[in-house]
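We will go from the whole chain to single side chains.

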Amino acid sequence: TEDHTDYNLQHSRSLITYDSDNNIAKIESQTSSDGSNFTTSSTTNYTYDNKINPGYLTLLRTDMDSRMSVIKLENLYSIEIGFMPYFKLHYYNPNNITSINKNSTITSFVYEYNSNDLPVFCTKTIGSNTTNYVWDYEDY
C-alpha cells in the first residue's frame, strides 16, 4: 500500500496484490477526504503467461530493485508513449502481461516466443483496435 496526500487534502492510496509468481495481480486505487474512510475509485486486474519477461530479466541482471514504486514511476513520464500501464508494469513482473481489466475495459496481449521462451512479437487488442510490438535480442 502506498499513501500520499495532494494539495487539496485529498488522500489517495493504491493497494497492490501479487499472484503466486510475484506478478502484480491487482491495483486498487482508493481516495479519502479525511484520510480514514477510503473508497475505491478504480480497480485493475492483470493476468500473465508463464514465460520470461525480458524487461524484468534486464532489471535483475543489472542488480536494480524490481520493486520500485510502480505508482510513483508514472510521475516520471512527461510524455505518454504508447500504452503506459503496459510499459510501466512490463518491467516489474517476472512474466508477460496477457490481459489487463481496468473497470471492465479489457486489453489483451497475445505473444509469439523464440526458442528461449522470450517474446519476439505481441499483438495488443483493445476492442477492435490492435497494436503490434516486436522484440529483437542481441548476444554479447
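A contact here means heavy atoms within 4.5 Å. Of the contacts in the chain with a separation of 6 or more, 42% are between residues 24 or more positions apart.

This is a predicted model: local features need pLDDT of at least 70, side-chain atom pairs count only at pLDDT 80 or more, and totals for chains, interfaces and linings use all residues. Residues are numbered from 1 along each chain as its sequence is written, and side-chain values use heavy atoms, with hydrogens and water left out.

**Whole chain.** Switch to cartoon. Helices (H or I, at least four residues) and strands (E, at least two) are DSSP runs, numbered from the N terminus. The chain has 3 helices and 8 strands. Their order from the N terminus is β-β-β-β-α-α-α-β-β-β-β.

Select β3 (24-32) and β4 (39-48). Strands pair if DSSP finds at least two bridges between them. β3 and β4 are antiparallel, with 6 bridges. Find Thr-31; opposite is Thr-39 in β4. The hairpin of these two strands has 6 residues between them, and there Gly-35 takes a positive phi near 80°. Asn-45 stands opposite Asn-101 in β5.

Buried means under 20% relative accessible area, exposed over 50%, and partly exposed in between (1.4 Å probe, protein chains only). Of the 140 residues, 34% are buried. A nonpolar core joins buried Ala, Val, Leu, Ile, Met, Phe, Trp, Tyr and Cys residues through side-chain atoms within 4.5 Å. Select the largest one, 11 residues including Ile-24, Tyr-46, Ile-97, Phe-109 and Cys-122.

**Aromatic rings.** How many aromatic pairs does a search of the whole structure find? There are 2. Rings of Phe, Tyr and Trp (its six-membered ring) pair if their centres lie within 6.5 Å; planes under 30 degrees apart are stacked, over 60 edge-to-face, the rest tilted. Zoom to Tyr-111 and Trp-135: the centres are 6.1 Å apart and the planes at 40°, so this pair is tilted. Tyr-111 is in β6 and Trp-135 in the segment after β8 (129-134), so the pair ties together parts 24 residues apart in sequence. Both residues are buried.

**Charges over rings.** The test is NZ of Lys or CZ of Arg within 6 Å of the ring centre and within 35 degrees of the ring normal. Lys-51 lies over the face of Tyr-113, 5.3 Å from the ring centre. Finish at Arg-13, whose charged end sits over the ring of Phe-38, 3.9 Å from its centre.
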